[in-house]
Amino acid sequence: MAKKHIVRSIEIGYGTTSSVTGETNEGFVIRTYPSVPVAVSHNIQSLGGDILSSRKTVFVPVGENIYEVGEDVQASADPRSTRVLNTEGYIDSERYKALFLGALKMIPDDEIDLLVCGLPVSVMPRKEELQKMVEGEHYLGDGRKVQVNSAWIIAQPLGGLLAYAREGGQDRFKEMKQENLLVVDPGYLTVDWLVTRGLMANENRSGDFEGGMSKILQKVADAAFKKFSTDTRFKRIKEVNVELIDQAFITGKLKLFGHKMDFPIHKGDERTPAFDFTDAINSVAEDAVTALVNRVGDAQDLDRIIVVGGPAKLYVHALQKAFPNHEIQVLKDSLRANVIGFQEGGKQRMRALARQAAK
């Protein structure tokens, strides 16, 4: 009986990290968590266990340090902690390696035949460096090692495109092979975009712009401070915590000083002021889309415009204004679309390699 090849996928984004840890009949098993590795002291935890106080985290050694990574990492993070990755040192930092090893530790397999990883569009020239880092044996602590036999490094938005093809089935995939496509991937730090013919990228029209979710959070936080600092009901406020704004985007409620307010538009009441932060949100999105249009053009030749990424819906308004003749299509699971596409593409790649080897 032929050996079953193990394909797994990891996407380390500026805001969140996702990893495909397995598959079931219902689909891929995925873990998604903040890209915030937290350095911990040796006396706080033991590498003999993956879970501290039942938190959904793992511990991994990197150099002389030990890092905690996972869904509940904010429980031990400094409240002022922010995402730590940046474009310049993206794959060089110890914290990137902590996120990578943490994602590997969440995967139960001790040998992976093909590991698919992604890079932002602007960092793709370093794909060979990342491939070299990913392939080989990795020590994960707790006496555990994982062997990665081969790695495939692709642009993150290409994962979203593959997920879009998977979502529509074989008919959509066949149609897309002959089409010009634009996939837009708003992330935490940057908005990346990829123009392709089928799955072949047009590098001259692809790019990125530092106008991602972090800019929206800061813009809204500034607008909120301007609004609240002039209201006598919120005395002596010096700043608005961007993490509270981040949570408000998730829950639809801004919680401040024990008050719960509708977000991003609040009518106000006897205890809280009225506000509307949609202009602040749209101004950041429009700046990013302007940069995109300057590179892509008026999109006459594009058959589809697809949006992926966690903040995808916040950019639809600006994209529709820029491309009024297109239907802007947002993936159902936009946050995890890239890693879903990585896994789908990896499985197809492994099957093609197996067929080629059998000839």
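Which exposed residues does the face of α7 turned away from its buried side carry?

## Helix α7

That face carries K313 and K321. Exposed means over 50% relative accessible area, buried under 20%, and partly exposed in between, with a 1.4 Å probe and protein chains only. The model is predicted: local features need pLDDT of at least 70, side-chain atom pairs count only at pLDDT 80 or more, and totals for chains, interfaces and linings use all residues. Residues are numbered from 1 along each chain as its sequence is written, and side-chain values use heavy atoms, without hydrogens and water.

Helix α7 spans residues 312-322, with A312, Y315, A318 and L319 buried. Seen down the axis, these buried residues fall within an arc of 120 degrees, so they line one face of the helix. The arc is taken from the directions from the helix axis to the C-beta atoms. Helices (H or I, at least four residues) and strands (E, at least two) are DSSP runs, numbered from the N terminus.

## Packing and core

The buried residues of α7 pack against several elements, including α4 (213-229), α6 (278-296) and β20 (304-307). L319 touches V184, V289, L292, V307 and I328, leaving out residues up to four places away in sequence. Contact means heavy atoms within 4.5 Å.

L319 is also among the residues that touch the most other members of the largest nonpolar core, which has 107 residues. The largest share of this core, nine residues, comes from α6. A nonpolar core is a set of buried Ala, Val, Leu, Ile, Met, Phe, Trp, Tyr and Cys residues joined through side-chain atoms within 4.5 Å.

## L292

L292 lies in helix α6. L292 is buried, at 1% relative accessible area. Beyond its neighbours within four places in sequence, L292 contacts L182, V184, W193, L319 and F323.
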